[in-house]
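Dear colleague,

Here is the structure you will be taking over.

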Amino acid sequence: MIKSGVIGNPIKHSKSPVIHNYWLSKYNINGSYKAIEINNNDFEEQIYNLFKKGYAGFNVTIPYKIKIMDICDCLSDDARAIGAVNTVVKMKNGKIEGRNTDSSGFIENIKNNIDNYYFDNNNAMILGAGGAARACIYALLKEGTKKLYISNRTKEKAENLAKEMKEYGNIEVIDWNNKENYLKDIKLLVNSTSLGMTGKEELKINLSSLPKDALVNDIVYTPLNTQLLCKAKKNGNKIVTGIGMLIHQAIPGFEAWFGVKPKITQELEKLVLS
Ligand code: NAP
């Protein structure tokens with residue numbers, strides 16, 4: 001039996017077991033995927049114990065996406081650039097590789113929802129400069145975004161992130177209170193802040209100057225149709241919700257551990273949201 005799981009602390013909230021166990025059952029694979037709570041004190045010992053038990057690898061969530069990098073023998077280009085690992089794979093040669101699939105999950109979600117979508121030669125704006133923003137910013141630049149505006153409540157965080165990512169493309173950090181003035185110049189708006197999430201404040205933004213052919217993506221997926229997305233729809237813009245990013249980021253890990261490239265279905269989306 002092939003073993004995998006997701007490590008973190010706390011871990012009960014994780015949707016990953018729902019996704020991976022759905023696919024294990026759908027593809028009739030003799031495997032297991034568990035949520036594993038790991039304590040900070042004997043972190044390394046617990047990780048090595050998983051490999052001793054025969055784990056093929058695992059997903060990594062808060063708060064270990066950076067700490068896990070210390071025990072990886074090698075990192076994928078994405079993980080190195082983003083500075084975080086969400087997928088660990090024990091390779092055939094015994095080496096432990098850390099990967100980051102949040103960036104490909106983010107891109108695949110948009111490409112899968114909008115036919116013939118191209119990122120290159122268009123300007124985009126991302127709101128937020130937290131953990132999730134790192135993967136989205138890297139992904140947008142790698143996809144050829146002409147100019148990427150980053151706007152974050154704490155401007156210094158956006159400036160630091162822009163410095164780290166400048167080798168991948170053209171970035172301009174703009175004031176949080178001035179972001180609406182740049183909307184006329186973009187074809188893609190991404191919310192990667194936690195604003196709009198159930199229990200959090202609303203993301204207040206006036207979209208009237210956003211071109212009608214611009215796309216709006218909210219990576220927040222609880223609720224699925226955030227107020228930002230509802231506002232964008234009303235404004236005449238196409239929208240992409242955040243649930244697909246969550247599921248797409250799980251695909252490469254599943255394929256590496258269990259040997260099958262799984263597909264996203266509406267049934268799975270509903271299951272994850274329920
Ligand atoms: P994080 O590292 O804590 O970052 C939070 C971001 O939100 C920061 O940019 C923060 O700005 C901003 N923010 C928080 N409260 C704010 C407020 N009152 N006003 C303005 N900005 C505010 O969180 P994260 O891991 O990046 O996650 C962000 C969101 O993305 C969460 O809702 C999460 O559920 C979602 N997410 C979705 C997926 C997916 O697969 N769809 C994956 C990862 C994350 P400051 O820097 O100023 O604090």
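**The parallel sheet**

Strand E8 (residues 147-151) pairs with E9 in the parallel sense, over four bridges. In this pairing Leu-148 stands opposite Ile-171 in E9. Please keep in mind throughout that the model is a predicted one.

E8 and E9 belong to an open sheet of six strands, ordered E9-E8-E7-E10-E11-E12, in which the pairing is parallel. The edges are taken by strand E9 (171-174) and E12; each has a single partner strand, so one side of each is left without a neighbour in the sheet. On average, and ignoring direction, neighbouring strands of this sheet are turned by 20 degrees against each other.

Helix H5 (residues 131-142) lies across strand E7 (123-127), E8, E9 and E10, and runs at about 165 degrees to E8. H7 also packs on this sheet, where it touches E10, E11 and E12, and its direction makes about 165 degrees with that of E11.

**Helix H7**

Which residues of H7 are buried? In this helix (residues 227-234) they are Leu-228, Leu-229 and Ala-232. Viewed down the axis of H7, the buried residues fall within an arc of 95 degrees, so they line one face of the helix. Their packing partners are strand E10 (188-191), strand E11 (215-218) and strand E12 (238-240). Lys-233 and Lys-234, on the other side of H7, are exposed. Just after the helix, Gly-236 has a positive phi of about 95 degrees.

**The mixed sheet**

Another six strands form an open sheet with mixed pairing, in the order E2-E1-E3-E5-E6-E4. Its edge strands are strand E2 (31-37) and strand E4 (74-75), each of which pairs on one side only. E4 pairs with strand E6 (residues 96-99) in the parallel sense over two bridges. Cys-74 has Glu-97 in E6 as its bridge partner.

Two helices to look at here are H1 and H9. H1 lies across strand E1 (2-8), E2 and strand E3 (57-60), and runs at about 170 degrees to E2. Helix H9 (residues 251-258) lies across E1, E2, E3, strand E5 (87-90) and E6, at about 15 degrees to E5.

**Helix H9**

The buried residues in H9 include Ile-251, Gly-253, Phe-254, Trp-257 and Phe-258. They cover an arc of only 165 degrees around the axis, which puts them on the same side of H9. Among the elements that cover these buried residues are E1, H1, E2, E3, E5 and helix H8 (243-248). As with H7, a glycine with positive phi comes just after the helix: here Gly-259 takes a value of about 80 degrees.

**H1 against H10**

Helix H1 (residues 16-26) and helix H10 (residues 266-273) meet at an angle of about 145 degrees, and their axes are 9 Å apart. The crossing of the two is right-handed. What does H1 bring to the contact with H10? On the H1 side there are Val-18, Ile-19, Tyr-22 and Trp-23, and they meet Glu-267, Leu-268, Leu-271 and Val-272 in H10. The residues of this contact divide into seven nonpolar, no polar and one charged.

Regards

Notes. Residues are numbered from 1 along each chain as its sequence is written. This is a predicted model: local features need pLDDT of at least 70, side-chain atom pairs count only at pLDDT 80 or more; totals for chains, interfaces and linings use all residues. Side-chain values use heavy atoms; hydrogens and water are left out. Buried means under 20% relative accessible area, exposed over 50%, partly exposed in between (1.4 Å probe, protein chains only). The arc is that of the directions from the helix axis to the C-beta atoms. Contact means heavy atoms within 4.5 Å. Axes are lines fitted to C-alpha atoms, for helices over the stretch in contact, and angles run from 0 to 180 degrees between N-to-C directions. A crossing is left-handed if the near helix is turned anticlockwise from the far one by less than a right angle, and right-handed if clockwise. Ala, Val, Leu, Ile, Met, Phe, Trp, Tyr, Cys and Pro count as nonpolar, Asp, Glu, Lys and Arg as charged, and the others, Gly among them, as polar. Two strands pair if DSSP finds at least two bridges between them.
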